[in-house]
Amino acid sequence: MGHFVLPNTGGDVPPVTRIVPLGLPLLLVIAISFSVLRKLFQKTIPSPKFSLPVIGDALAYGKDPISFVRDATAKVGPVFRINMLLNSIIFLRGNDMNKMYLETREDVWSFGDGMGLFLNKVVIPGYFTHLKRMVSSLNRGINRTAALEHYRSIAAEEAEKSLSDWASKSDIEIFEEASKFAHKVIVRCLMGQDFYEKNIDELYDLLHRMEADIGHPFNFLFPDWVPHPPAKRLGKARDRVAEIFHERLNEREQDPEKWRNSLDYVSYTLNDASTAHLKEYYPAHHTLLMFAAHTSTVASIAWTVVQLLRSPAHMERLRGALSDCPNIHKSPELLAVIKETGRRYSGVNMLRLARQPVQVPGTDITVPTGSVVSISPYMIHHDPATYKDPEVWDPDRWLRPSEVPEQKGSSKQVTFLQFGAGSHRCPGENMAGMVTREMVSTLVKNYRVEWGSHGPPKDFSKLDFTKIGSPWLVGDASVSVRRLE
Ligand code: HEM
C-alpha cells in the first residue's frame, strides 16, 4: 500500500502528525473519486432484476435455480449477476466462458476460497492453504489399484448388508438409505476400520448437523467473529470431529504394526511425506471430504434406482445384461445407465471466489475481486444443442456414440461436467463410480425393486439443490426391495 508524504512546510508540528490530518481526507477523496469514476466507466454486470430489496434474488434462485438461470440468460444474456442477500453470484454461460472458467488459475479465481465461503466454520483456519497438497495426496492415495480393489470389496460387503436390511422392511426411502450406505463406505474407505467401528453413527449425525447449518444466512451476513447460534453449533461440530481424530490417531500410535499396511486413506496420508506432518488438518480435510464425497454419490445411486423404476424396460434389460456379465464394472449397459444419471442430475453450479479483477473475453464486463463466480454443469447437460431431448433420462444415448459429443482434453467443447474438468477435476471419480456400480448391480441382479406401498412420488421434477453437489429428489421416494428367489 502506498503512502502520501506531504512536503515539510516548516513549523513545530512533527511530520508524522501532519500527514494524518491532511493525508487522510485527501486519501478518502481520491479513493471515492476513483471508485465513482470506475463505476461510471466500467460496464455494470447486468442483473435480471427479479429481485426484492435486501433479500435480492435469494428467494427466487433458492426456490428454483434452474428456471432462474434459464430465464436470466434469456433476459440479459450470458453474463449476469444474481443478487443474494448482501452478496452476489456472477454467472457465466456458454461454451467459451465455461472453458475459460475451468482454465482460470487458482490465484485468479479460487476454488479453495469458494469452498471456504461454506466450509470456513467447519474447518480450522489455515486448512485451505494446504488444500492443493491434501487433494494431490488424496488423488494418489485413493486411486492406487490395491486401494481401489479394497474399496470395491468394502462397497460390495456394505451393499449386501444394506440390501438385506432394506429387504427386511416394508418400504424404504431411497435417498435416505443410500445416504446411510454411502456414509458407511466413505468412512470405512477414507478414514478406516477404527472410525467405522467406533464413530460411524456419531459422524453421520455430525455431517447432518453441519449440513443443516452451513447454508444458514447468518453465516453470509455476519463476519466470522460474530458468535451467532449456527456459527456456535458449527464450531462445536468441528471441534468434535477434531476430538474423534485425536482419539483414533492416538490409538493407532499405540499399535503402529496393525495399521502399517492398511489401505484406508488416513493411513496413506500418515505415511505420505507430503502430508505426514499435517495431522492437525486431517479432521478439516475429512470434513471437506464427507461433503465432497457424500451428496453426489448418494444422488448417483438413488436417482439410478428411481429412473430404473420409472423405466421397467431398462431395468429388465440391465438385469439381463448383468446376469451373464463376467465383470459388472465393465458392463456397457450399467456404465451407460450411471453416466446418464450423472448427466441428468448434476450440480447446478460450481463456485470460485475472484482474487483478481478479470475481464470476461468477448465482453467489456470486468468481474471484480471478491465476487463469487459460477458456471452450471446442469445447464450444460441440458442444452438441446448438445443432447437430444435433454430432459429425458435415456441411457441408450451413451450406447449410440455418434449421438453424444465426446469431450476430449483438446476439445473446444465442454459437454460433460459431472466430475468437473481442469485443475479441480474430481479425484473421487473412480471411487464414486465403483461404489455406485457395486450397489446398483447387486440390487438389480439379486432383488426385486418396486415402488413402495403408496406408489411412485407425485412429482419427479422437484429437485433439492440445497446441498453441495448433485440434487436429491424433494420428498424422497418410497421403494420396496425383496430378495429374488
Ligand atoms: C458421483 C459422485 C461425485 C461427483 C458427481 C463429484 C463431482 C465433483 C465435481 C463436479 C468436482 C469439481 C468441482 C469444481 O470444479 O468446482 C469435484 C471435486 C472434488 N471431489 Fe468429487 N464428486 C463425486 C465424488 C467424490 C468422492 C467419492 C470424493 C472423495 C473420495 C470426491 C472428492 C472431491 C474433491 C476433494 C474435489 C476437489 C478437487 C480439487 O480441489 O481440486 N468427490 N467433484
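**Notebook: looking through the model**

Two residues are in contact if their C-beta atoms, placed from the backbone, lie within 7 Å. I start with that rule and apply it to Cys426. Leaving aside neighbours within four places in sequence, Cys426 is in contact with Phe419 and Gly420.

I note what I am reading. This is a predicted model, where local features need pLDDT of at least 70, side-chain atom pairs count only at pLDDT 80 or more, and totals for chains, interfaces and linings use all residues. Residues are numbered from 1 along each chain as its sequence is written.

**Entry 1: the whole chain**

I looked up the helices and strands, which are DSSP runs numbered from the N terminus (helices are H or I, at least four residues; strands are E, at least two). The protein chain has 18 helices and twelve strands.

Next came burial. A residue is buried if 20 or more other C-beta atoms lie within 10 Å of its own, exposed if 12 or fewer, and partly exposed in between, with C-beta atoms placed from the backbone. Of the 485 residues in the protein chain, 35% are buried.

I then took contacts between residues at least 6 apart in sequence. Of these, 73% join residues at least 24 apart.

**Entry 2: around the ligand**

I looked up the ligand shell. A residue counts as near if its C-beta atom, placed from the backbone, lies within 6 Å of the molecule. Which of the 22 residues around the ligand come nearest? They are Ala293, Ser296, Gly420, Cys426 and Gly428.

Helices H6 (131-142), H14 (282-310) and H18 (429-446) each supply at least two residues of the shell. H14 gives the largest share, six residues.

I sorted the shell by type. Ala, Val, Leu, Ile, Met, Phe, Trp, Tyr, Cys and Pro count as nonpolar, Asp, Glu, Lys and Arg as charged, and the others, Gly among them, as polar. The shell has 14 nonpolar residues, eight polar and no charged.

I went back to Cys426. Cys426 sits in the loop between H17 and H18. Buried, exposed or partly exposed? Cys426 is partly exposed, because 18 other C-beta atoms lie within 10 Å. Val135 is 291 residues away in sequence, yet the C-alpha atoms of Cys426 and Val135 are 9.5 Å apart.

His424 is also in the loop between H17 and H18. His424 has 19 other C-beta atoms within 10 Å, so His424 is partly exposed. His424 and Leu102 are 322 residues apart in sequence and 8.2 Å apart in space, C-alpha to C-alpha.

**Entry 3: helix H16**

I checked the length of H16 (residues 332-344). The expected span of a helix is 1.5 Å times one less than its number of residues. H16 has 13 residues and reaches 18 Å from its first C-alpha to its last, close to the 18 Å expected.

How many of its 13 residues are buried? Ten are, and H16 is mostly covered. Among them are Glu333, Leu334, Arg343 and Arg344. The buried residues of H16 pack against H14, H15 (312-323), H17 (377-381) and H18.

**Entry 4: helix H7**

I ran the length check on H7 (residues 145-167). Its 23 residues should span 33 Å, and its end C-alpha atoms are 33 Å apart, so the two agree. Its buried residues include Ala147, Tyr151, Glu158 and Trp166. What covers the buried residues of H7 includes H6, H8 (174-191), H18 and strand S12 (478-483).

**Entry 5: H11 against H14**

I looked up one helix pair. Axes are lines fitted to C-alpha atoms, for helices over the stretch in contact, and angles run from 0 to 180 degrees between N-to-C directions. The axes of H11 (residues 229-254) and H14 come within 9 Å and cross at roughly 115 degrees. Val241, Ala242 and Phe245 of H11 make the contact with Tyr282, Pro283 and Thr287 of H14. Five of these residues are nonpolar, one is polar and none is charged.

**Entry 6: positive phi**

I looked for positive phi outside glycine. Asp389 has a phi of about 45 degrees. Asp389 lies in the loop between H17 and H18. Asp389 counts as exposed because it has 9 C-beta neighbours inside 10 Å.

Asp476 has a phi near 60 degrees. Asp476 lies in the loop between S11 (472-473) and S12. With 19 other C-beta atoms within 10 Å, Asp476 is partly exposed.
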